[in-house]
Amino acid sequence: MKKRDEKYYITTAIAYASGKPHIGNTYEIVLADSIARFRRQQGYDVWFQTGTDEHGVKIETKAAEAGVTPKEYVDRVSAEIRRIWDLMNTSYDHFIRTTDDYHEAEVTKIFTKLYNQGDIYKGSYEGWYCNSCESFFTESQLVDGKCPDCGRPVVKANEDAYFFRMSKYADRLIEHINTHPEFIQPVSRKNEMMNNFLLPGLKDLCVSRSSIKWGIPVEFDKSNVIYVWLDALTNYITGIGYRCDGESTEQYKKYWPADLHLIGKDIIRFHTIYWPIFLMALGEPLPKQVFGHPWLLQGEGKMSKSKGNVIYADDLVDLFGVDAVRYFVLHEMPFENDGVISWELMVERLNSDLANTMGNLVNRTIAMSNKYFGGEVRDAGAAEPVDDDLKAVVTRTAPKVGEKMDALRIADAITEVFALFKRCNKYIDETEPWVLAKDEAKKDRLATVLYNLVESITIGASLLTAFMPDTAEKILKQLGTVQRDYETLDQFGLYPSGTHVTEKPEILFVRQDIKEVMKQVEKLQPKPQKQPEAAKPEDDGSDIHLPEKDEITYDDFAKLQFAVGEVLSCEEVPKSKKLLLFRVKIGDQTRQIVSGIKKWYKPEELVGRKVMVLVNLKPAKLAGLVSEGMLLSAEDGRGNVALIEPPENMPSGSDIA
């Protein structure tokens, strides 16, 4: 148990105010909210900040297309983002906007201070700019002439600008990362930052624009506006009262440094390289931890309006309710790899986990208490050995949940809570209360069984509060009790004997029919635009010449180990025009494999697919990344490449001989 005055400062990335957030964007605020609620439950003094990022060329362009001023545009979008955050019952303490007067004033002072101390200098920029990512790139960094981060077109940029001397602080940042292994999580994100950006050498960063107007003006050079990342990242300190003149508020002194910056993996570079260096230049402590969470994908790809596969939080809520959506996004997102959402999977989880495992448990426990004892829950002390295992599972759950939450394994934490509910269902099958009720001599035993169930559900519901707050409150109210203090959740038997449950239990979750749900989905969403199929190798009737290699014996072939693998994640390798970085599950192990097939596949198309892998190939380094195997592919006479895929029903790890 933590002291009541121990602080915990958590932030999300501020959402870019360019449009309505989809469920993949919304996942982050729900994830942060579950952490904030859990820390409050533990007794921490929590400050939870979120908000909107409202400057930049993309917004300037969108506002012009909409026929409104940029400020009118972001006012509308920021309000919509906040509406979604509130709809999802998130308990943030402060919602910052980068157009807030106090933020703009402080950013101006920060820029001037960094300029006066020599960290920022004026120069000129010539290269390529991605409006979507708000990032500059050199010619060599482009991939097929497009942005290496998002794959969208870039525009030529040639303008006067101010630059930050990043290399001045690079060695200090490398040392910090090496001496604070918890700073960047998961570890794969840390390795990516070190190997791909820091160790090869940092280039100076462009921190202003002279070709756009929608931004915070440089105080001493009105022809430039402050580049969006320097503006946006500083929200984490301006929002709690930082003042670069040395007169920061007591709130800032209390809560900084942040305990956790929770962000998407696509902006990890800005938060673990640029942001720490800005703080070093300002003489401020670095945040304790930055967690780059994975993406929530629709089917096998990232959500995109152009693909017609966007799912919005409010549509999900209309069909399933807030807590069902919260449960799904928290439960289905792995710690490190991307998660998948679909309407079908949502219905399956609602029916099996929420309506059956939890909802039915609560309903029939209350119903039996009413039927057999008029709603009174009484510990009659008629214990039997079968009770011991139930109690052991229940009292171990809170410590397990705490361990998972400390490690930011939120999906695993909520799984532990539902394991408690599943154990309760098993306990009902073991004790058969309906059989006990037929024998008057076993009335005390029946009362004890129902007491044990109510006590167990009370502990489970108290732990559920961080993830599904409204549902937890409903359960506890129906049980005639309130949320249990966190420090008592490893104790069994605190439910007051003689308490009455509600007479009319409320159905927590109603089972859904997928066909009926999909009818509603068709009304909510337009049909996806049909995408052109990827080009396939053509058979023009001529035979491909197969070059001859030296003969091998069976013993030579037997040295090679081939197996079926399943692609867990796939990402582009920064600065590489050819390479993709895979994490491939092969039986009970996971391998990192680098493959030069970027020209023929988009990363999101490959997640979840089965592949054939040469497993025992000696590890090699490609673009600074270790590759632990080879994906098998075929190449036609025109140079087109296609992965060789085993049948879908072959499990990962299957031997190929």
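Q: Where does Pro186 sit?
A: Pro186 is in the loop between strand 8 (184-185) and helix 6 (187-198). Helices (H or I, at least four residues) and strands (E, at least two) are DSSP runs, numbered from the N terminus.

Q: Before we go on, what kind of model is this?
A: It's a predicted model, with residues numbered from 1 along each chain as its sequence is written. Local features need pLDDT of at least 70, side-chain atom pairs count only at pLDDT 80 or more, totals for chains, interfaces and linings use all residues, and side-chain values use heavy atoms, with hydrogens and water left out.

Q: Back to Pro186: what kind of peptide bond joins Gln185 to it?
A: A cis one, with omega of about -10°. A cis peptide bond also joins Trp256 and Pro257, and there omega is about 10°.

Q: And where's Pro257?
A: Look in the loop between helix 9 (250-255) and strand 13 (260-264).

Q: What do most peptide bonds look like, and what about phi?
A: Most peptide bonds are trans, and most residues other than glycine have a negative phi.

Q: OK, what's the phi of Asp144?
A: Asp144 isn't a glycine, yet its phi is positive, about 55°. You'll find Asp144 in the loop between strand 6 (135-137) and strand 7 (155-164).

Q: Is Asp144 buried or exposed?
A: Exposed, because its relative accessibility is 55%. The cut-offs are under 20% relative accessible area for buried, over 50% for exposed, and in between for partly exposed (1.4 Å probe, protein chains only).

Q: What about Leu408 and its phi?
A: Leu408 has a positive phi too, near 60°, and isn't a glycine either. Leu408 is in the loop between helix 14 (386-406) and helix 15. At 8% relative accessibility, though, Leu408 counts as buried.

Q: New topic: how many salt bridges are there in the whole structure?
A: A search finds 31. A salt bridge here is a side-chain nitrogen of Lys or Arg within 4 Å of a carboxyl oxygen of Asp or Glu.

Q: Which side chain meets Arg97 in one?
A: That of Asp75, at 2.5 Å, N to O. Arg97 is in strand 4 (residues 94-97) and Asp75 is in helix 3 (residues 70-87), so this pair ties together parts 22 residues apart in sequence. Arg97 is buried at 18%, while Asp75 is partly exposed at 30%.

Q: And who pairs with Lys122?
A: Asp221 does, in a salt bridge of 2.9 Å, N to O. Lys122 lies in strand 5 (residues 120-130) and Asp221 in strand 12 (residues 221-226), so here the parts tied together are 99 residues apart in sequence. Lys122 is partly exposed, at 42%, and Asp221 is buried, at 13%.

Q: Which partner does Arg378 have?
A: Asp444, at 3.7 Å, N to O. Arg378 is in the loop between strand 17 (376-377) and helix 14, and Asp444 is in helix 17 (residues 443-464), so the pair links parts that are 66 residues apart in sequence. Both ends are partly exposed: Arg378 at 28% and Asp444 at 38%.

Q: Which residues do salt bridges that share partners join into one network?
A: Lys20, Glu80, Arg83 and Asp314.

Q: Last one: is Gly56 buried or exposed?
A: Buried, because its relative accessible area is 3%. Gly56 lies in the loop between strand 3 (45-53) and helix 2 (57-66). From Gly56 to Val74 is 18 residues in sequence and 11 Å in space, C-alpha to C-alpha.
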